[in-house]
Amino acid sequence: MTQLEEINLHFASNHIKLKMEWLREVVNFLSNIKISTDKLIGLVYQQWIYSNIQQSTEPIKEFENSNDIFDLPQPLLLQIESVTDIGTSFLKQYQTLVQKDYDETAAEIGVIESDDYKIDKKFKCFSLQLTDGERIFKAFEQKRIPNLLLSTPPGSKILLFRGTRINQNIIFLDPKKCQLLGGAVYDLILQNNSLHSLCRLLNRQIPSGPRYRIFIKKFGPI
């Protein structure tokens, strides 16, 4: 078995089916580093977690869209395109982000609360747009996902376990049946951070100036 095949098999055993062309390019890029295969796998993983799944990962062909209610028959690796809080009015969220006293270091809406723009965290409910690189899926929290935040960067990877409920192509996320893997995709952060998404939903122009670059500053170029 070649080193390339060994790396590919390792990822496949963890439900990540890499595109061979992408994997070959990454391994060639890292070929000047004299390290063991195990350490090389770690470096490839770091490249993958910050890659766009459309470029790096094969979609799951066995999973077909369906109008029926069913439980996922096998694990499914997806990428988070955007996260939206549908439990709080979009206008209130927008006002919180652009208020004069907003602290640039607080990327999570509601971390800093003023009397005028207080957001009640009890009513948060996240809607996500997910992709396997080809298809777009809508997802909702069936129960709160502890590590899922409004500031979760677009491009993060999420693994859905077998048994995840799907109803008419809408995925219902259960904290016991999914795992956030982390990561980010810089281009998606630019397009789909919370402020930009809210401006699109409210049909408003994106505010200008460095004070509104909070998400870009937080995650930085990849």
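# Close-up views of a predicted model

**Figure 1. The second largest cavity draws on a strand and a helix.** Strand 2 (76–85) and helix 7 (194–202) each supply at least two residues of the lining of the second largest cavity. The model shown here and in the other figures is predicted. Helix 7 gives the most to this lining, with 4 residues. The residues that line the second largest cavity are Val-83, Thr-84, Asp-85, Gln-93, Leu-150, Ser-194, Ser-197, Leu-198 and Leu-201. By class, the lining has 4 nonpolar, 4 polar and 1 charged residues. The space in the second largest cavity comes to about 50 Å³. Across the whole structure, a search finds 4 cavities of 30 Å³ or more.

**Figure 2. The largest pocket.** About 220 Å³ of space lies in the largest pocket. The pocket is lined by 14 residues, and the closest to its centre are Ser-82, Thr-84, Gln-129, Lys-138 and Leu-201. Strand 2, strand 3, strand 4 and helix 7 are the elements that give two or more residues to the lining. Sorted by class, the lining of the largest pocket holds 5 nonpolar, 6 polar and 3 charged residues.

**Figure 3. Leu-78 in strand 2.** Leu-78 sits in strand 2. Its relative accessible area is 0%, so Leu-78 is buried, the cut-off being under 20%. Not counting residues up to four places away in sequence, Leu-78 touches Ile-53, Leu-130, Thr-131, Asp-132, Phe-137, Ser-156, Lys-157, Ile-158, Leu-160 and Ile-171. Gly-155 is 77 residues from Leu-78 in sequence. In space, the C-alpha atoms of Leu-78 and Gly-155 are 9.4 Å apart.

**Figure 4. Asp-132 in the loop between strands 3 and 4.** Asp-132 is found in the loop between strand 3 (126–131) and strand 4 (136–141). Asp-132 counts as buried, because its relative accessibility is 1%. Two partners of its side chain can be picked out. One is the side chain of Arg-135, with which the side chain of Asp-132 makes a polar contact at 2.3 Å. The other is the backbone nitrogen of Glu-134, which the side chain of Asp-132 reaches at 2.9 Å. Neighbours within four places in sequence aside, Asp-132 is in contact with Ile-53, Thr-57, Pro-59, Ile-60, Leu-77, Leu-78 and Phe-137.

Figure 5. Thr-57 lies in the loop between helix 4 (53–56) and strand 1 (69–71). With a relative accessible area of 3%, Thr-57 is buried. The side chain of Thr-57 makes a polar contact with the side chain of Trp-48 at 2.8 Å. A polar contact at 3.0 Å joins the side chain of Thr-57 to the side chain of Ser-56. Residues up to four places away in sequence aside, Thr-57 touches Ile-16, Lys-17, Leu-18, Lys-19, Trp-48 and Asp-132.

**Figure 6. Helix 1 and its buried face.** The buried residues of helix 1 are Leu-4, Ile-7 and Phe-11. Seen down the axis of helix 1, these residues fall within an arc of 70 degrees, so they line one face of the helix. An α-helix has 3.6 residues a turn, so residues three or four places apart point the same way. The buried residues of helix 1 pack against helix 2 and helix 3. Just after helix 1, His-15 takes a positive phi of about 70 degrees.

**Figure 7. Helix 2, buried side and exposed face.** In helix 2 (residues 20–29), the buried residues are Trp-22, Leu-23, Val-26 and Val-27. They cover an arc of only 130 degrees around the axis, which puts them on the same side of helix 2. The face turned away from this buried side carries the exposed residues Glu-21, Glu-25 and Phe-29. The buried residues of helix 2 pack against helix 1 (3–13), helix 3 (37–49) and helix 4.

How values were computed: Residues are numbered from 1 along each chain as its sequence is written. This is a predicted model: local features need pLDDT of at least 70, side-chain atom pairs count only at pLDDT 80 or more; totals for chains, interfaces and linings use all residues. Side-chain values use heavy atoms; hydrogens and water are left out. Buried means under 20% relative accessible area, exposed over 50%, partly exposed in between (1.4 Å probe, protein chains only). A polar contact is a pair of N or O atoms within 3.5 Å; within protein, one must be able to donate a hydrogen and the other to accept it, and residues adjacent in sequence count only if both atoms are side-chain atoms. Contact means heavy atoms within 4.5 Å. On a 1 Å grid over the protein atoms alone, a cavity is a set of points where a 1.4 Å probe fits but cannot get out, and a pocket is an open set with protein on both sides within 12 Å along at least five of seven lines; lining residues have an atom within 4 Å of a point. Grid points are joined across faces, edges and corners, and a volume is the space filled by probe spheres set on the points. Ala, Val, Leu, Ile, Met, Phe, Trp, Tyr, Cys and Pro count as nonpolar, Asp, Glu, Lys and Arg as charged, and the others, Gly among them, as polar. The arc is that of the directions from the helix axis to the C-beta atoms.
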